[in-house]
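Reader: Hi! Could you walk me through this one before I set anything up?
Author: Happy to, let's look at it together.

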Amino acid sequence: MKIEKNVSYEADGKTYRIYDVTAEDPIQTRVRNHYFTQHQSQTVGFVQEMHKKWLKFDHAKMPILGCLDMLATFLDESDPDVDEANLIHAYQTAEKIRENHPDKPWMHLAGLIHDLGKIMSVWGEHQWAVTGDTYPVGCAPAESIVYGKASFQGNPDIDHIVYGTPMGMYEEKCGLEKLMMTWSHDEYMYQVLVNHGTTLPDEALYAIRFHSFYPYHSHNDYLQFQNERDIEMKSAIMMLNECDLYSKNDETPDIDALKPYYQSLIDKYVPGNVNW
Ligand SMILES: [Fe+2]
Ligand SMILES: [Fe+2]
């Protein structure tokens with residue numbers, strides 16, 4: 001059995017984020033297949049193609065809650081801890097942030113919408129290009145990525161003269177926002193919001209963009225790219241992350257009762273029809 005090194009993800013007697021390379025049960029097998037495919041297939045060239053495909057925002061025009069409804073029955077195959085549909089997870093995360101940080105309404109909304117980028121899979125995108133943890137392409141992978149460096153065998157970028165090195169195609173202290181991250185729901189949702197002209201504060205956008213970057217925010221890898229702004233913004237990621245991860249066993253929220261509150265936040269920060 002393998003539990004991630006150095007970091008334990010425990011709350012209320014439950015351990016989260018177990019990635020067992022040998023387990024044969026259906027959930028662990030599903031999760032392992034997901035990550036091995038992601039690690040072998042996400043290259044610089046692949047991410048560039050995804051940018052071309054998704055950053056035209058020509059897939060749909062609909063409001064935030066319309067997208068959330070479309071994800072009502074979506075199941076994240078990379079997640080060993082969730083058997084609930086995404087709609088429940090969205091409200092559980094948002095309500096946990098609301099409980100812990102009542103003074104930050106924009107973060108409540110970030111919690112509600114942080115996974116909406118998974119809509120790409122409803123429209124046919126492979127889950128290994130949508131869900132799960134993220135890390136930068138164009139530089140050597142860190143051992144703290146789930147299933148470790150060995151899971152990258154077969155990825156052509158690993159032996160590349162530039163992309164295969166720790167600094168890769170980047171400069172020291174360039175800042176996380178300059179990195180080309182694996183294509184995922186994090187980056188897509190961030191770009192959708194910016195394209196819409198959202199008035200969400202930078203902390204909310206940054207937290208959405210990097211919430212799945214576990215090798216950085218929970219294992220302190222990739223610090224060669226971190227700049228002053230990243231150091232300041234890290235607490236925003238953790239605010240979202242702890243409520244994202246540890247709300248997964250919370251009670252099922254009364255969505256109808258909660259909707260008016262969240263609609264008022266949407267009207268303020270991400271109003272109207274959004275281009276996806
Ligand atoms: Fe997520
Ligand atoms: Fe999430």
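**A chat about the model**

Author: Let's start with Ile 255, which sits in helix α11, residues 255-269. Keep in mind that this is a predicted model.

Reader: Okay! Is Ile 255 buried or exposed?
Author: Ile 255 counts as buried, because its relative accessibility is 15% and the cut-off for buried is under 20%.

Reader: And which residues does Ile 255 touch?
Author: Leaving aside residues up to four places away in sequence, Ile 255 touches Leu 87, Ile 88 and Tyr 91.

Reader: How far is Ile 255 from Leu 55?
Author: From C-alpha to C-alpha they are 31 Å apart in space, and 200 residues separate them in sequence.

Reader: Switching to the metals. Which protein donors does the iron ion (ligand 1) have?
Author: Asp 115 through OD, His 185 through NE2 and His 211 through NE2.

Reader: What spacing do the donors follow along the chain?
Author: For the iron ion (ligand 1), the pattern is D-x69-H-x25-H.

Reader: Where do Asp 115 and His 185 sit, then?
Author: Asp 115 is in the loop between α5 (105-113) and α6 (119-122), while His 185 belongs to helix α7, residues 185-196. The two are 70 residues apart, so to speak a link between distant parts of the chain.

Reader: Are those two buried or exposed?
Author: Asp 115 and His 185 are both buried.

Reader: What about the other iron, how far apart are the two ions?
Author: The iron ion (ligand 1) and the iron ion (ligand 2) are 3.6 Å apart, and Asp 115 coordinates both.

Reader: Nice. Zooming out, how many helices and strands are there?
Author: The protein has 11 helices and 4 strands. With a radius of gyration of 18 Å, close to the 19 Å from the globule rule for 276 residues, the protein is therefore as compact as a globular protein of that length.

Key: Residues are numbered from 1 along each chain as its sequence is written. Chains are lettered from A and ligands numbered from 1 in the order in which they are written. This is a predicted model: local features need pLDDT of at least 70, side-chain atom pairs count only at pLDDT 80 or more; totals for chains, interfaces and linings use all residues. Side-chain values use heavy atoms; hydrogens and water are left out. The radius of gyration is taken over C-alpha atoms; the globule rule is 2.2 Å times the number of residues to the power 0.38. Donors are N, O and S atoms within 2.8 Å of the metal (3.2 Å for Na, K and Ca); water is not among the atoms, so sites may look incomplete. Buried means under 20% relative accessible area, exposed over 50%, partly exposed in between (1.4 Å probe, protein chains only). Contact means heavy atoms within 4.5 Å.
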